[in-house]
Amino acid sequence: QGQLVESGGGLVQAGGSLRLSCVASGRTFSGYVMAWFRQAPGKEREFVAGITWSSVNTLYTNSVKGRFTISRYNAENTVYLQMNSLKPEDTAVYYCAATLGSLYSTKWDYWGQGTQVTVSS
């Protein structure tokens with residue numbers, strides 16, 4: 001059984017930075033597209049950023065373009081989300097996910113348990 005475990009969340013002031021990590025284990029994730037989603041209180045879960053296995057292609061939601069960067073290190077089965085210039089509206093639980101589909105997939109095969117990011121104004 002595959003497992004995704006996120007870390008790196010916390011409380012930060014507006015304008016600050018955080019780096020989230022997601023470690024995949026339990027099976028090979030070779031070929032998987034990896035992504036970060038987030039869910040704020042009272043809102044639906046939304047796609048934040050995704051990256052293909054080769055790292056050649058990435059995709060970001062408009063609200064984080066230029067501020068967030070997704071990357072991965074396949075040798076250690078890890079995907080990262082570097083978040084800069086954080087805003088209070090970035091406050092959410094951030095989830096790591098994996099799919100054998102594409103960056104635009106609506107079906108994600110594995111999910112992490114989430115890590116809380118809180119940005120104070």
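Guide: For a lining, residues are classed first: Ala, Val, Leu, Ile, Met, Phe, Trp, Tyr, Cys and Pro count as nonpolar, Asp, Glu, Lys and Arg as charged, and the others, Gly among them, as polar. In the lining of the largest cavity here, six residues are nonpolar, three polar and one charged. This is a predicted model, where local features need pLDDT of at least 70 and side-chain atom pairs pLDDT 80 or more, while totals for chains, interfaces and linings use all residues. Residues are numbered from 1 along each chain as its sequence is written, and side-chain values use heavy atoms, without hydrogens and water.

Visitor: Which residues line the largest cavity?

Guide: A cavity is a set of points on a 1 Å grid over the protein atoms alone where a 1.4 Å probe fits but cannot get out; lining residues have an atom within 4 Å of a point. Here they are Cys22, Ala24, Phe29, Met34, Trp53, Arg72, Asn74, Asn77, Thr78 and Val79.

Visitor: Is strand β5 buried or exposed?

Guide: Strands are DSSP runs (E, at least two residues), numbered from the N terminus; buried means under 20% relative accessible area (1.4 Å probe, protein chains only). Five of the six residues of β5 (46-51) are buried, so this strand is largely enclosed by the rest of the structure.

Visitor: With which strands does β5 pair?

Guide: Pairing requires at least two DSSP bridges between two strands. β5 pairs antiparallel with β4 (33-39) over five bridges, and phenylalanine 37 stands opposite phenylalanine 47. Three bridges join β5 to β6 (58-60), also antiparallel, with isoleucine 51 opposite threonine 58.

Methods. 1 Å grid on protein atoms, 1.4 Å probe; cavity = no way out; pocket = protein on both sides within 12 Å on 5 of 7 lines; lining within 4 Å. Buried < 20%, exposed > 50% of the residue type's maximum accessible area, 1.4 Å probe, protein only. Helix = DSSP H or I, 4+ residues; strand = E, 2+ residues; numbered from the N terminus.
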